[in-house]
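Dear colleague,

My notes on it follow.

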Amino acid sequence: MSTAGKVIKCKAAVLWETNKPFSIEEVEVAPPKAHEVRIKMVATGICRSDDHVVSGHIVSPFPVILGHEAAGIVESIGEGVTSVKPGDKVIPLFIPQCGKCRSCKHPESNLCVKNDLSGNPGKLQDGTTRFTCRGKSIYHFVGTSTFSQYTVVDEISVAKIDAASPLEKVCLIGCGFSTGYGSAVKVAKVTQGSTCAVFGLGGVGLSVIIGCKAAGAARIIAVDINKDKFAKAREVGATECVNPQDYDKPIEEVLQEMSNGGVDFSFEVIGRLDTMASALLCCDKSFGVSVIVGVPPGSQTLPVNPMLLLTGRTWKGGLFGGFKSKDSVPKLVTDFMAKKFPLDPIITNVLPFEKINEGFDLLRSGKSIRTILSF
């Protein structure tokens, strides 16, 4: 019984307003229009960015179906779709890749101008939505909306991946893993024999460590105020672990002393202004590179002394690890299948999709690194 061309009724986690639990609702998912793809979700990760919408840190229209780190199987395609077909295993892309804009054509950029992070959020490229619940239109989130048994995405926002890949693991390549790993290997371009400092040891922070190790860093200093996260950091490649609360001086001074004047590369993977400043200060003043990976609180600014940069430091950031999404995601999945990096250490909990609120509680309490929801 084919569902192609028909409205599908299924379960989704709808967020009706900020600071409220997700509500498991029956939603109607319209068929894909031209250049769109409808996906049956298999697994989705819980990312801090989703929680930032719940708390209001990231502004989104409501009601909304969140979720952006996932993997699934194509159910049907709209007219003109050529890059995927029904039955393909895929990963939705929260940063699209149209291949035509100035950003897509630039060799070092990945922020396609058709992204949903700026401009008119909550809708697909044609300016409309595909979800209805209780007679109301429900908004999309960053063009993906994976907290639903079925979702519709634009063709520029989906990548076909290896048919043999385990979706309950490679879903992490849709956000957390790639964001961290790419921040080390692509954005910072970590060098062989270097010293790195990583602030924040959640799923993305651990992925930064995996990237630093893959790039051949000699020392990887993991920084977090939750010492329960140190064992996992060591498991994936950290050589030292530091808790700022153990010292009576600023953490940047501690790191400068540990590294004979400053680290080569530092990464802020939390999203706090004070740790962004510490990460910048802890890197070597003449050649250090500091990368912002964590999403900062909206509309806040950080006063910075320009002399910190005049001496030669580089301060930069990157979304999705700097990877061009549609090109890079299939390659990262292939690399995972070839055992070039692990994903298992990042996954601490697997829950049925209906227990989504429990999964977010684990994230907020610091008791999980990545929780995967399975459908």
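What distance separates the centres of domain 1 and domain 2, taken over C-alpha atoms? The two centres are 25 Å apart. Please bear in mind that this is a predicted model. The domain assignment places domain 1 at residues 177-321 and domain 2 at residues 343-374 of the protein chain. Twelve residues from domain 1 and seven residues from domain 2 take part in the contact.

**The interface between the domains**

Between them, domain 1 and domain 2 bury about 670 Å², and 71% of this area is on carbon and sulfur atoms. On the side of domain 1 that touches domain 2, two elements give two or more residues: helix 5 (203-214) and helix 6 (230-236). Helix 5 gives the most, with five residues. Sorted by class, this side of domain 1 has five nonpolar, four polar and three charged residues. As for polar interactions, the interface of domain 1 and domain 2 has zero salt bridges, and the count of residue pairs in polar contact between the two domains is one.

**Salt bridges**

In the structure as a whole there are 18 salt bridges. One of them joins the side chains of Glu25 and Arg134, with an N to O distance of 2.4 Å. This pair links distant parts of the chain, since its members are 109 residues apart: Glu25 belongs to strand 2 (residues 23-29), while Arg134 sits in the loop between strand 7 (131-133) and strand 8 (136-138).

**Aromatic pairs**

The count of aromatic pairs comes to nine. Among them is the pair of Phe94 and Phe320, which is edge-to-face because the ring planes stand at 85°, with the ring centres 5.4 Å apart.

**Backbone details**

Two points in the backbone may be of interest to you. Phe62 and Pro63 are joined by a cis peptide bond, with omega at about -10°. Pro63 is located in the loop between helix 1 (48-55) and strand 4 (64-65). Asn19, although not a glycine, has a positive phi of about 55°. This residue, Asn19, lies in the loop between strand 1 (8-15) and strand 2.

With kind regards

Conventions: Residues are numbered from 1 along each chain as its sequence is written. This is a predicted model: local features need pLDDT of at least 70, side-chain atom pairs count only at pLDDT 80 or more; totals for chains, interfaces and linings use all residues. Side-chain values use heavy atoms; hydrogens and water are left out. Domain bounds come from an automatic or database domain assignment. Contact means heavy atoms within 4.5 Å. Buried area is the accessible area (1.4 Å probe) that two parts lose on being put together, summed over both. A salt bridge is a side-chain nitrogen of Lys or Arg within 4 Å of a carboxyl oxygen of Asp or Glu. A polar contact is a pair of N or O atoms within 3.5 Å; within protein, one must be able to donate a hydrogen and the other to accept it, and residues adjacent in sequence count only if both atoms are side-chain atoms. Helices (H or I, at least four residues) and strands (E, at least two) are DSSP runs, numbered from the N terminus. Ala, Val, Leu, Ile, Met, Phe, Trp, Tyr, Cys and Pro count as nonpolar, Asp, Glu, Lys and Arg as charged, and the others, Gly among them, as polar. Rings of Phe, Tyr and Trp (its six-membered ring) pair if their centres lie within 6.5 Å; planes under 30 degrees apart count as stacked, over 60 as edge-to-face and the rest as tilted.
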